[in-house]
Amino acid sequence: MAAMRYRLTFVIGLAVGYVLGTRAGRERYEQLKKTARDISQNPAVRNTAESAAQQGRHYAGVAYHTVTEKVGDRVPESVAARVRSLRERSAHNGGAEDDWGTSNT
């Protein structure tokens with residue numbers, strides 16, 4: 001999961017660097033922009049992104065429960081308060097989009 005995110009970040013950085021560094025002009029920029037938009041709107045890409053987000057939420061929950069079992073009440077109150085606020089925010093979204101633009105379904 002993390003490796004995929006780093007690869008995606010690298011590819012995006014590479015594309016941005018190319019766009020900013022190229023002297024191909026506005027036409028090439030528009031072509032790249034259209035291609036990026038087409039890729040981001042591709043149903044397969046969107047489904048993959050949503051699946052990755054769901055897996056991330058699942059593994060975050062597993063990690064939370066594992067840490068809770070191991071650490072118990074030794075978690076600093078500031079961390080516990082932050083976790084509670086994130087859970088409340090997630091509960092209030094009720095399946096709405098999260099910060100990454102994916103649904104919480």
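Lys34 and Asp38 both sit in helix H2 (residues 26-41), four residues apart, about one turn of the helix. Helices here are DSSP runs of H or I with at least four residues, strands are runs of E with at least two, and both are numbered from the N terminus.

Before you start: this is a predicted model, where local features need pLDDT of at least 70, side-chain atom pairs count only at pLDDT 80 or more, and totals for chains, interfaces and linings use all residues. Residues are numbered from 1 along each chain as its sequence is written, and side-chain values use heavy atoms, leaving out hydrogens and water.

**Exercise 1.** Find out how the side chains of Lys34 and Asp38 meet.

*Solution.* Step one: recall the rule, a side-chain nitrogen of Lys or Arg within 4 Å of a carboxyl oxygen of Asp or Glu makes a salt bridge. Step two: the N to O distance between Lys34 and Asp38 is 2.8 Å, and the two side chains form a salt bridge. Step three: by this rule the count comes to one salt bridge. In general, side chains of opposite charge can pair when their charged atoms come close.

**Exercise 2.** Decide whether Lys34 is buried, partly exposed or exposed, and do likewise for Asp38.

*Solution.* Step one: buried means under 20% relative accessible area, exposed over 50%, and partly exposed in between (1.4 Å probe, protein chains only). Step two: Lys34 has 45% relative accessibility, so Lys34 is partly exposed. Step three: Asp38 has 39%, so Asp38 is partly exposed too.

**Exercise 3.** Compare the span of helix H3 with the expected one, then look at what lies around its ends.

*Solution.* Step one: the expected span is 1.5 Å times one less than the number of residues. Step two: H3 (residues 43-71) has 29 residues, and 42 Å is expected. Step three: H3 reaches 41 Å from its first C-alpha to its last, close to that value. Step five: just after H3, Gly72 takes a positive phi of about 65 degrees.
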